[in-house]
Amino acid sequence: VPRLRFPEFREAEEWKEKALGQLGKLVSGLTYSPDDVRDEGLLVLRSSNVQDGRIVLDDNVYVRPNITGASPSLPNDILICVRNGSKSLIGKNALIPEGMPPCTHGAFMTVFRTIAAKFIIQLFQTEAYEKQVAADLGATINSINGNQLKKYKFLVPEAEEQQVIADCLSSLDDLITAQNQKIDAIKIHKKGLMQ
């Protein structure tokens, strides 16, 4: 039982340990060749599109829209980097927002699809997640096996409490983002004044 709990859940059941595979499913990424790449078409989300826990569209790759093997990436899917040349990028993740152009995700990524995405994305920001990722990384192989990822264990409450926690933490994330945008605007203003 967590030390801090919303008042309406203080008498609720204890949290239960569950494997990630019990909370949703993984969707593998697309393998494509340089011949499939286009100036426009189907957006392929890659590790470079995940910055500070958010999806950014600064460095985009597109493939032909009718490519075989592409699974659509959907709003509220959680995009996770599972293979990369840089060990530090393994496990980084972001929630795919509403309003994205048609997209899929590359072979070095996976998507975790769940009805509790806004709660699960918060679990992916915890030390428990980071420890499980670190334990999976070998000395030479910079990757997480999908079957192993599904075995990651977390303590979780019932769905109603998950939603309240997700709403609370998501609103704090929104405040942090808004504050960071203000800071960036002030930095730009200062730079202009200095010139």
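## Helix 4 and its packing

In this predicted model, the buried residues of helix 4 pack against helix 1 (117-123) and strand 12 (153-156). These buried residues are Glu161, Gln162, Ile165, Ala166 and Ser170. An α-helix has 3.6 residues a turn, so residues three or four places apart point the same way.

Helix 4 spans residues 159-194, a run of 36 residues. The distance from its first C-alpha to its last is 52 Å, close to the 52 Å expected at 1.5 Å a residue.

An open sheet is formed by four strands with antiparallel pairing, in the order 2-11-8-9. Its edges are strand 2 (25-28) and strand 9 (93-95), each of which pairs on one side only. From one strand to the next, the twist averages 25°.

Within this sheet, four bridges join strand 8 (residues 78-81) to strand 11 (residues 109-113) in the antiparallel sense. Cys81 has Met109 of strand 11 as its bridge partner.

## Aromatic pairs

Four aromatic pairs are found in a search of the whole structure. In one of them, Phe124 and Phe154 have ring centres 6.4 Å apart and planes at 50°, so the pair is tilted. Phe124 is located in the loop between helix 1 and helix 2, whereas Phe154 belongs to strand 12; the pair therefore ties together parts that are 30 residues apart in sequence.

Tyr129 and Tyr152 form an edge-to-face pair, with 6.3 Å from centre to centre and 65° between the planes. Because Tyr129 lies in helix 2 and Tyr152 in the loop between helix 3 and strand 12, this pair ties together parts that are 23 residues apart in sequence. Tyr129 and Tyr152 are both buried.

## A buried loop serine

Ser143 is found in the loop between helix 2 (127-136) and helix 3 (146-149). Does the serine count as buried or exposed, at 19% relative accessibility? Ser143 counts as buried, because its 19% relative accessibility falls under the 20% cut-off.

Leaving aside residues up to four places away in sequence, Ser143 touches Val82, Arg83, Ile90, Asp136 and Leu137.

Methods: Residues are numbered from 1 along each chain as its sequence is written. This is a predicted model: local features need pLDDT of at least 70, side-chain atom pairs count only at pLDDT 80 or more; totals for chains, interfaces and linings use all residues. Side-chain values use heavy atoms; hydrogens and water are left out. Helices (H or I, at least four residues) and strands (E, at least two) are DSSP runs, numbered from the N terminus. The expected span of a helix is 1.5 Å times one less than its number of residues. Buried means under 20% relative accessible area, exposed over 50%, partly exposed in between (1.4 Å probe, protein chains only). Contact means heavy atoms within 4.5 Å. Two strands pair if DSSP finds at least two bridges between them. Axes are lines fitted to C-alpha atoms, for helices over the stretch in contact, and angles run from 0 to 180 degrees between N-to-C directions. Rings of Phe, Tyr and Trp (its six-membered ring) pair if their centres lie within 6.5 Å; planes under 30 degrees apart count as stacked, over 60 as edge-to-face and the rest as tilted.
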